[in-house]
Amino acid sequence: MKKLPLPQELKRGAVLLVDKPYTWTSFDAIHKLKISMRAKIGHAGTLDPMATGLLICCTGEMTKQISGYQQLPKEYTGIIHLGAVTPTFDLESTPEQEKPVDHITPEQIYAATAQFTGDILQMPPIHSAIKKDGKRAYDLARAGKEVVLDARAITIAEFEITAIQMPEVHFRVLCSTGTYIRSLANDFGAALGCGGYLQALRRTKIGNFSVDDALTPEQWITYWKEAKAAAMQAKEEDSTLKEE
């Protein structure tokens, strides 16, 4: 665990590594910290509610650096569930179109990663925050309107299968900013002819920043309160010594 910023550093400008909890939105996490710390704060890239893991948050003057952090490559681990699809490409919607997966071999699964490695074009999910004609794609999709998004150029530097426990395929991905792991899960299932959706996702790294050095929002708030109280106590003790 890296050294945590002191209260005065948090106010002035610091980088906070936050481990976003499951079902929380990125806004939930940032809002909770902002209320507790009463500091200017922003984040360098959101995570879907069903995902957990690393958010880079900046306070004070460091918010000017957010755009730089947003461009860093990202690492994820997760699970692709084969044999069904969902409208959102993850478990925010109900699995449908179930198909058998008994015939799919580990060799086929390992081989399928090749077509999703390197510089590729990816179709973003229509249930995403991308704007289409000035409106969020997910708002249009929820309203039942047809949404057609353009494919985006992305880079997947590494796509590793770490375990196969059918119908679950565990993976690790190192990719460029702008990559939708939900789309990767959907496309991977399509390539195998059985469908697939993202069952679980955790962001483990952003550039050289690791989730191992992150605190949950609640842990950050506890640290903030304790560090603030310790700083006030030290100030009072220093004032007493000067009076003596």
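Reader: Hi! How much accessible surface does the protein have, and what share belongs to carbon and sulfur atoms?
Author: Welcome! This is a predicted model, and its accessible surface comes to about 13000 Å². Carbon and sulfur atoms hold 52% of that surface.

Reader: Thanks. How many helices and strands are there?
Author: The secondary structure comes to 7 helices and 11 strands.

Reader: And what part of the residues counts as buried?
Author: Of the 244 residues, 45% count as buried.

Reader: What share of the contacts joins residues 24 or more positions apart?
Author: Taking contacts with a separation of 6 or more, 72% are between residues 24 or more positions apart.

Reader: OK, let's go inside. How many residues does the largest nonpolar core have?
Author: That core has 45 residues. Leu 16, Leu 82, Phe 159, Phe 171 and Phe 188 are those with the most contacts inside it. Helix H7, residues 217-243, gives the most to this core, with 5 residues. Apart from it lies another core of 11 residues, including Ala 44 and Phe 209.

Reader: Which residues does Phe 159 touch?
Author: Leaving out residues up to four places away in sequence, Phe 159 touches Ile 80, Thr 113, Phe 116, Thr 117, Phe 171, Arg 172, Val 173, Leu 184 and Phe 188.

Reader: You mentioned S9. Is His 170 in that strand buried or exposed?
Author: His 170, which sits in strand S9 (residues 168-175), counts as buried because its relative accessibility is 19%, and the cut-off for buried is under 20%.

Reader: What does the side chain of His 170 make a polar contact with?
Author: Its partner is the side chain of Gln 165, at 3.4 Å. His 170 also touches Gly 78, Ile 79, Glu 160, Ile 161, Thr 162 and Ala 163, again not counting residues up to four places away in sequence.

Reader: New topic: H2. What should helix H2 span, and how far apart are its end C-alpha atoms?
Author: With 12 residues (26-37) at 1.5 Å a residue, H2 should span 16 Å, and its end C-alpha atoms are 17 Å apart, which agrees.

Reader: Which residues of H2 are buried?
Author: Ser 26, Ala 29, Ile 30, Leu 33 and Met 37 are buried in H2. They cover an arc of only 90° around the axis, so they lie on the same side of the helix. On the other side of H2, Phe 27 and Ile 35 are exposed.

Reader: What happens just after H2?
Author: There, Arg 38 takes a positive phi of about 50°.

Reader: Last one: where does Gly 68 lie, and how far is it from Ala 44?
Author: Gly 68 lies in helix H3, residues 66-70. At 41% relative accessibility, Gly 68 counts as partly exposed.

Notes
Residues are numbered from 1 along each chain as its sequence is written. This is a predicted model: local features need pLDDT of at least 70, side-chain atom pairs count only at pLDDT 80 or more; totals for chains, interfaces and linings use all residues. Side-chain values use heavy atoms; hydrogens and water are left out. Helices (H or I, at least four residues) and strands (E, at least two) are DSSP runs, numbered from the N terminus. The expected span of a helix is 1.5 Å times one less than its number of residues. Buried means under 20% relative accessible area, exposed over 50%, partly exposed in between (1.4 Å probe, protein chains only). The arc is that of the directions from the helix axis to the C-beta atoms. A polar contact is a pair of N or O atoms within 3.5 Å; within protein, one must be able to donate a hydrogen and the other to accept it, and residues adjacent in sequence count only if both atoms are side-chain atoms. Contact means heavy atoms within 4.5 Å. Accessible areas come from the Shrake-Rupley method with a 1.4 Å probe; for residues, only the protein chains shown count as cover. A nonpolar core is a set of buried Ala, Val, Leu, Ile, Met, Phe, Trp, Tyr and Cys residues joined through side-chain atoms within 4.5 Å.
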